[in-house]
Amino acid sequence: MQMQIKIQRWLFSLLIIGALFVGGCSSSPVANSTPTPNPVSGENISLSPSPSPAAVAASSQFSNLPRLQGKATVVMTVKGAPITIELDGTNAPITAGNFVDLVQKGVYDGLVFHRVVREPQPFVVQGGDPQGKDPKFPTARLGTGGFIDPKTTVERRIPLEIKAKGAANPTYSATLQEAGVKEKPVLMHSRGAVAMARSQSPDSASSQFYFTLTDVPFLDGSYAVFGYVKQGMDVVDKIQAGDRIDKATVTQGLENFKPVQ
């Protein structure tokens, strides 16, 4: 009986984890597939007190991306009700900085939540596809888009960024398992976590994000959490597929934001 329950949970995990994947977009489409080890870089971020050469290289490699150096608060309204999100740029500077930048640009205003998974048990609410701003865009194709940077005319993608407990710097471009890091991440997938959706490639997150509706520990170390819902989780619990974000606004911590010059 216990073995049957374990198998059922394993199959359920495989099914729902596909909900976090960004569908085929740009030049390397990946739709609703399961993760496979595919680190972009073979280097691991050291857990030593001082920055490792890999960390320095990662910092230089992603220097063209906005960052959040500290905390910030974003208030997102859905159907007139506020959701207060605290962003953690201390432990996820690039991921949180990207989100702040998109909020500042108004990217999330009017976007639809295209994927909501509550059955057979609560999982996530996902949105952030810029294509959803067009009410005529086919619903079936939502979840395939990312933010097109007007300066470069190409989709902005950010690296997978996960900081392990006790680490001086985040691990970039690989899951913690792929990087050989055994410690758990600082930012866990507890109920109310806000994290980035991505395709199979670790460095494929752009603008799509999700709220966790319950604790989802099997995602820890594989997807980048960058904040938590501090108020308004009852609003998140009521979101249905097709609901839209009225507006998202940075209300505190904008002084910690470092945009791309």
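Phe 209 is buried, with a relative accessible area of 0% (buried, under 20% relative accessible area; exposed, over 50%; partly exposed, in between; 1.4 Å probe, protein chains only). The model is predicted, so local features were required to have pLDDT of at least 70 and side-chain atom pairs pLDDT 80 or more, whereas totals for chains, interfaces and linings use all residues. Residues are numbered from 1 along each chain as its sequence is written, and side-chain values use heavy atoms, with hydrogens and water left out.

In soluble globular proteins, nonpolar side chains tend to be buried together.

The structure contains 10 aromatic pairs. Rings of Phe, Tyr and Trp (its six-membered ring) pair if their centres lie within 6.5 Å, and planes under 30 degrees apart count as stacked, over 60 as edge-to-face and the rest as tilted. Phe 113 and Phe 209 form an edge-to-face pair because their planes stand at 80°, with the ring centres 6.2 Å apart. This pair links distant parts of the chain, as Phe 113 in strand β4 (residues 113-117) and Phe 209 in strand β11 (residues 209-212) are 96 residues apart. Phe 113 is also buried, at a relative accessible area of 0%.

Phe 123 and Phe 218 form a stacked pair, 6.3 Å centre to centre and with 10° between the planes. Phe 123 lies in the loop between β4 and β5 (124-127) and Phe 218 in the loop between β11 and β12 (225-231), 95 residues apart. Phe 123 is buried at 1% relative accessible area, whereas Phe 218 is partly exposed at 36%. One aromatic cluster is formed by Phe 99, Tyr 108, Phe 113, Phe 209, Phe 211 and Phe 226.

Arg 198 lies over the face of Tyr 223, 4.5 Å from the ring centre (criterion: NZ of Lys or CZ of Arg within 6 Å of the ring centre and within 35 degrees of the ring normal). Arg 141, in the loop between β5 and β6 (148-149), is partly exposed, with a relative accessible area of 46%.

Terms used. Helices (H or I, at least four residues) and strands (E, at least two) are DSSP runs, numbered from the N terminus.
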